[in-house]
Amino acid sequence: MHPDATHAAARDRFNREWDRRLGVFHRYASPPWWYEGLTLTPELDYVYERFLPIAEYIHDLRRVVADTLPCRAWLPRVLLSPPYRSLPDFWRRLPRRFHSRVAWLPNDLDEIAVHLASPTVHGARFMRYPEQLPALVAYGLDRGLSTVRCFDFGCGTGQGTYEIAQCLDGRVESCLVIGMTIEPLEAWMASRGRLPNPQPRAGQPITIPYPRPELRSTTCIRFVAGDMLRATFRDAADIIVCNGVIGGPKLNHDADFRQLWTVVSTCLKDGGLLVIGEQFHDGHRLRAARFVALGGKLIRHQRTAGRSTFITVSRTT
Ligand SMILES: C[S@@+](CC[C@H](N)C(=O)[O-])C[C@H]1O[C@@H](n2cnc3c(N)ncnc32)[C@H](O)[C@@H]1O
């Protein structure tokens with residue numbers, strides 16, 4: 001059978017089975033059923049879990065989502081280790097039109113994938129850390145760098161990366177800015193200057209474009225999918241920017257912090273600039289401070305402005 005037909009058959013089976021289970025839920029579970037705005041209580045989670053266990057649902061969904069993607073490796077990471085307590089907990093992170101549904105058309109599945117890879121609450125934005133841009137230019141000019149190489153770790157859909165490239169563009173002779181994110185779907189959107197459509201209606205595009213700056217030919221911007229904790233590059237960078245990741249929900253253990261310092265010490269030139277931005281609540285902010293504290297002798301100089309910490313790094317090698 002042609003792979004498309006196999007995928008369509010798997011999707012039909014998935015839809016039939018989960019629609020059947022949703023029907024049983026509606027017949028036997030007493031309302032209130034979840035709707036947007038209703039607080040998710042442990043009781044509500046329990047009722048849904050009895051009929052529609054989220055672990056089983058995501059296990060099945062993973063396969064049909066993977067079938068719609070160009071490559072299985074593009075599967076959003078939340079589908080590999082789901083953080084959801086129940087089906088409503090999953091729905092509330094998706095655009096409204098997906099709420100209270102369990103069965104999907106192929107286009108729905110693509111759309112769900114981009115939203116899971118780049119959730120609106122965590123997504124990248126322009127001008128999140130305005131204090132950083134003049135500091136990056138000043139760093140390049142102060143050191144008389146004609147060429148600046150900058151890595152943007154955890155770049156999301158890339159708005160911050162374009163901003164970095166724009167601020168360096170024309171201020172130094174040439175620059176290369178590489179955005180890296182662990183989600184291949186985000187890297188794909190970033191390279192096209194697109195983000196998930198926040199509240200799409202049926203028939204509307206899954207992703208929408210955002211304005212990208214016009215850059216000179218001497219400014220080069222690239223996006224790669226990869227784990228910054230394992231990053232290796234042929235040439236070290238003058239600047240590494242890492243915004244909205246360190247200390248956040250996905251990177252907050254000491255072991256990860258130590259690993260990131262190892263990466264920084266190899267991927268950043270001696271005297272290079274590490275810039276960390278965070279917009280977290282207090283709990284996560286403390287973890288970001290803990291990362292800095294673990295830098296030890298690698299930190300030559302450090303200062304804070306706004307939500308950003310600027311660290312000059314000494315290489316140990
Ligand atoms: C909150 S977003 C921040 C986006 C952007 N830097 C900003 O501040 O607007 C966090 C990003 O870090 C990425 N991320 C999380 N862990 C990562 C890792 N180990 N390696 C690379 N990217 C990672 C996520 O996929 C997401 O794109």
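**Close-up views of a predicted model**

**Figure 1. The pairing of strand E2 with strand E5.** Strand E2, which covers residues 174-181, pairs with E5 in the parallel sense, and 7 bridges join the two strands.

Figure 2. The chain is divided into domain 1, covering residues 3-117, and domain 2, covering residues 132-313. The centres of domain 1 and domain 2, taken over C-alpha atoms, are separated by 32 Å. Where the domains touch, 13 residues of domain 1 are in contact with 13 residues of domain 2. The side of domain 1 that touches domain 2 has, by class, 7 nonpolar residues, 1 polar residue and 5 charged residues.

**Figure 3. The packing of helix H5 against helix H8.** Helix H5 (residues 106-117) packs with helix H8 (residues 184-192) at an angle of about 95°, and the axes of the two helices are 8 Å apart. Angles of 65 to 115 degrees count as roughly perpendicular, and H5 and H8 are therefore roughly perpendicular to each other. On the side of H5, the contact is made by Ala 113, Val 114 and Ala 117, while H8 contributes Leu 185, Glu 186 and Met 189. By class, this contact of H5 with H8 has 5 nonpolar residues, no polar residues and 1 charged residue.

**Figure 4. The crossing of helix H3 and helix H5.** Helix H3 (residues 54-68) and H5 cross at roughly 100°, and their axes come within 9 Å. This angle makes H3 roughly perpendicular to H5. In the contact, Val 64, Val 65 and Thr 68 of H3 meet Pro 106, Leu 109, Asp 110, Ile 112 and Ala 113 of H5. The residues of this contact of H3 with H5 divide into 6 nonpolar, 1 polar and 1 charged.

**Figure 5. Backbone details in two loops.** The peptide bond that runs from Pro 31 to Pro 32 is cis, and its omega is near 15°. Pro 32 has its place in the loop between helix H1 (3-28) and helix H2 (42-51). Another loop, between helix H4 (87-91) and H5, holds Ser 100. Although Ser 100 is not a glycine, it has a positive phi of about 65°.

**Figure 6. The residues around the ligand.** There are 22 residues around the ligand, and those that come nearest are Ala 124, Gly 154, Gly 156, Asn 243 and Gly 244. When the residues of the shell around the ligand are sorted by class, they divide into 9 nonpolar, 7 polar and 6 charged.

Note on methods
Residues numbered from 1 in each chain as written. Predicted model: local features only at pLDDT ≥ 70, side-chain atom pairs only at ≥ 80, totals over all residues. Near = placed C-beta within 6 Å. Nonpolar A, V, L, I, M, F, W, Y, C, P; charged D, E, K, R; others polar. Domains from an automatic or database assignment. Contact = placed C-beta atoms within 7 Å. Pairing = 2+ DSSP bridges. Helix = DSSP H or I, 4+ residues; strand = E, 2+ residues; numbered from the N terminus. Axes fitted to C-alpha atoms, helices over the stretch in contact; angles between N-to-C directions. Parallel < 35°, antiparallel > 145°, perpendicular 65-115°, else oblique.
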